[in-house]
Amino acid sequence: MLGPNGAGKTTLLRLLSTLLRPSRGTLELLGAQLPDESYKVRGKIGLVAHEPLLYRELSAVENLDYYCGLYGVTGARAKELLDAVGIGAARSAPLRELSRGTVQRVAIARAVLHQPELLLLDEAFSHLDPAAIELVQPLIGRGAEATRVLTSHDAMAAVAEADMVLGLRAAHPVLLAPAAELDGAVIAELYR
């Protein structure tokens, strides 16, 4: 999803993640009617949002152990993901002591912990340096094993990652097209 600030991208992701109830109407997601059947899809969704959805007083290990319990996932999966995102010695420190980029890597590990069918990625690469982006790409990039819906302020990089592009302006769709058919001029027009 692309569009200028305030276009409704984050709001749409919050609706799809069931964190926000629609003011009217319903959404169908993974065969469930939202908001009435939200409980049917919550365990099938992984979300990387502006807020990491982690407990700042807990360590990376403690946070993922907590989510393992919620999702019925083994601690071995949590360790595997912390290793994959490069959380070495920092895994035992409270998150409040870690850099925003390190916390973002833990948030990405949390989002994929339960191997969701759908990944909702709201500026998932923000706060990450190039080395960290390379670490998380197998988990949330084009090679991820889930359907991905992503937003990004780096429009051209997002289009390169996408199969389809939804352009929003003022909470209304203004473009829906295969990414391969779009050029820089069309993308630039979304932001005018």
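Modeller: Let's begin with a pocket: S5 gives 4 residues to the lining of the largest pocket, the most of any element. Keep in mind that this is a predicted model.

Colleague: How do I read a pocket in general, and how much space lies in the largest pocket here?

Modeller: Rolling a probe the size of a water molecule over the atoms shows where empty space is left. In this protein, the largest pocket holds about 380 Å³ of space. Besides S5, the elements that contribute two or more residues to its lining are helix H6 (155–161) and strand S6 (164–169).

Colleague: Which residues lie nearest the centre of the largest pocket?

Modeller: Look for Arg148, Val149, Leu150, Ala162 and Met164, out of 19 lining residues. Sorted by class, the lining has 13 nonpolar, 2 polar and 4 charged residues.

Colleague: And what is the volume of the second largest pocket?

Modeller: That one has about 320 Å³. It is lined by 13 residues, and Leu19, Arg42, Leu53, Tyr71 and Arg110 are the closest to its centre. S3 and helix H2 (60–71) are the elements that each give two or more residues to this lining. Here the classes are 7 nonpolar, 4 polar and 2 charged.

Colleague: Now the sheet. What is the strand order in the open sheet of 3 strands?

Modeller: The order is S3-S4-S5, and the pairing is parallel. Strand S3 (45–48) and strand S5 (147–151) are the edges, each pairing on one side only. From one strand to the next, the twist averages 10°.

Colleague: Which helix packs on that sheet?

Modeller: Helix H1 (residues 9–16) does, and it touches S3, S4 and S5. The direction of H1 makes about 150° with that of S4.

Colleague: How should I think about side chains along a strand, and how many bridges join S3 to S4?

Modeller: In a regular strand the side chains alternate between the two faces of the sheet. As for the pairing, 4 bridges link S3 with strand S4 (residues 118–122).

Colleague: In which sense do S6 and S7 pair?

Modeller: S6 and strand S7 (residues 172–178) are antiparallel, with 6 bridges between them. Leu166 has Leu176 in S7 as its bridge partner. The hairpin leaves 2 residues between the strands, and Ala170 in that hairpin has a positive phi near 50°.

Colleague: What radius of gyration does the protein have, and what would a compact globule have?

Modeller: A compact globule of 192 residues would have a value near 16 Å, so the 17 Å of this protein agrees with that. Along the principal axes, the C-alpha atoms fill a box of roughly 45 × 40 × 25 Å.

Note on methods: Residues numbered from 1 in each chain as written. Predicted model: local features only at pLDDT ≥ 70, side-chain atom pairs only at ≥ 80, totals over all residues. Heavy atoms only, no water. Pairing = 2+ DSSP bridges. Axes fitted to C-alpha atoms, helices over the stretch in contact; angles between N-to-C directions. Contact = heavy atoms within 4.5 Å. 1 Å grid on protein atoms, 1.4 Å probe; cavity = no way out; pocket = protein on both sides within 12 Å on 5 of 7 lines; lining within 4 Å. Points joined across faces, edges and corners; volume = space filled by probe spheres on them. Nonpolar A, V, L, I, M, F, W, Y, C, P; charged D, E, K, R; others polar. Rg over C-alpha atoms; globule rule 2.2 N^0.38 Å.
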